Amino acid sequence: MRYRLTFIAGVALGYVLGTRAGRERYEQLKKSAQRFAENPAVRNAAESAAHSGRDIAGKAYHSVSDKVPASVAERVRSLRDRSSQNGFEDDWGTTNT
């Protein structure tokens, strides 16, 4: 019984100390991730990647829409119109300038 009680006390102490250390490490990682995200070089790279992605998606939309049969294109337009009436709009295939 004495060993069992000692084991339970050790587990409880390890849990408390481990969670405290884990929380501190989590906060430290969170701060470093925020600093990384606020770095101007990282922001510029993310913005240029997003811009390139939009350009490529726009080009892909136009190249695919030329090859899609008219019946399918009409169904997609009707679905898009229906979703925009419900308040859900998307900006697929549009370019923001």
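## Surface and burial

Accessible areas here come from the Shrake-Rupley method with a 1.4 Å probe. On that basis the protein, which is a predicted model, exposes about 8,900 Å², and carbon and sulfur atoms supply 59% of this area. Of the 97 residues of the protein, 2% count as buried, a term that stands for under 20% relative accessible area.

## Helices along the chain

The secondary structure comes to 3 helices and 0 strands, and the protein, when read along its sequence, follows the pattern α-α-α. Helix H1 covers residues 2–38 and includes Ile 8.

Helix H2, made of residues 40–67, has 28 residues and reaches 41 Å from its first C-alpha to its last, which is close to the 40 Å expected at 1.5 Å a residue. At the start of H2, a side-chain oxygen of Asn 39 comes to within 3.2 Å of the backbone nitrogen of Ala 41.

Side chains of opposite charge can pair when their charged atoms come close. In this model the count comes to 1 salt bridge, which Arg 23 forms with Glu 27, their closest N and O atoms being 3.1 Å apart. That distance falls under the rule that a side-chain nitrogen of Lys or Arg be within 4 Å of a carboxyl oxygen of Asp or Glu.

Both Arg 23 and Glu 27 lie in helix H1, where they are 4 residues apart, or about one turn of the helix. Arg 23 is exposed, with a relative accessible area of 51%, whereas Glu 27 is partly exposed, with a relative accessible area of 27%.

Notes
Residues are numbered from 1 along each chain as its sequence is written. This is a predicted model: local features need pLDDT of at least 70, side-chain atom pairs count only at pLDDT 80 or more; totals for chains, interfaces and linings use all residues. Side-chain values use heavy atoms; hydrogens and water are left out. Helices (H or I, at least four residues) and strands (E, at least two) are DSSP runs, numbered from the N terminus. Buried means under 20% relative accessible area, exposed over 50%, partly exposed in between (1.4 Å probe, protein chains only). The expected span of a helix is 1.5 Å times one less than its number of residues. A polar contact is a pair of N or O atoms within 3.5 Å; within protein, one must be able to donate a hydrogen and the other to accept it, and residues adjacent in sequence count only if both atoms are side-chain atoms.
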